[in-house]
Amino acid sequence: GIPGGVDGPFAKQLVETSIQAGDKLNFARGKGDDADQRALVWVMDSNRYPFFIAEQYHQFHDGFNLGENYPNSYNNLASKLSKEGKLGKSACPNGLIGVGALGL
């Protein structure tokens, strides 16, 4: 999320940066239980829906669709940020059976 969501000061910059990067995305106001849709980004208002750390093992992984692989520079962020103490702590279990990925 970003402060103010689609009405906030960063929304225009988000859209412009996406266009400059060649993305073909649409942006819409997120409300929290939004269904996944191809090429649609739900923009949450971080003032109304504050960020919280959830399952750390579930961060910075490849997508779930066939061929939806992200670069190692992205995948390695979880381990890097964890070692630097930047991910914080979560009350969520680390993995489905308490065994996390990437040494987290």
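User: Hey, is Lys12 buried or exposed here?
Analyst: Lys12 counts as exposed, because its relative accessibility is 61% and the cut-off for exposed is over 50%. Keep in mind that this is a predicted model.

User: Where do Lys12 and Glu16 lie?
Analyst: Both are in helix α1, which covers residues 11-20. They sit four residues apart, and that is about one turn of the helix.

User: And how does Glu16 count for accessibility?
Analyst: Glu16 has 38% relative accessibility, so it goes down as partly exposed.

User: OK, zooming out. How many salt bridges does the structure hold?
Analyst: There are six of them in the structure.

User: Which residues are linked in a network?
Analyst: Lys31, Asp33 and Asp34 are, through salt bridges. Within that group, the side chains of Lys31 and Asp33 meet at 3.9 Å, N to O.

User: What about those two, Lys31 and Asp33, buried or exposed?
Analyst: Lys31 is exposed, with a relative accessible area of 53%. Asp33 is exposed too, at 62%.

User: Why is Glu84 partly exposed?
Analyst: Its relative accessible area is 38%, and partly exposed is the class between buried, under 20%, and exposed, over 50%. Lys80 counts as partly exposed as well, at 43% relative accessibility.

User: Which strand gives the most to the lining?
Analyst: Strand β2, residues 40-43, gives the most to the lining of the largest pocket, contributing four residues.

User: Last one: how do the lining residues divide into nonpolar, polar and charged?
Analyst: For the largest pocket, the lining has 17 nonpolar residues, nine polar ones and six charged ones.

Terms used: Residues numbered from 1 in each chain as written. Predicted model: local features only at pLDDT ≥ 70, side-chain atom pairs only at ≥ 80, totals over all residues. Heavy atoms only, no water. Helix = DSSP H or I, 4+ residues; strand = E, 2+ residues; numbered from the N terminus. Nonpolar A, V, L, I, M, F, W, Y, C, P; charged D, E, K, R; others polar. Salt bridge = Lys/Arg side-chain N within 4 Å of Asp/Glu carboxyl O. Buried < 20%, exposed > 50% of the residue type's maximum accessible area, 1.4 Å probe, protein only.
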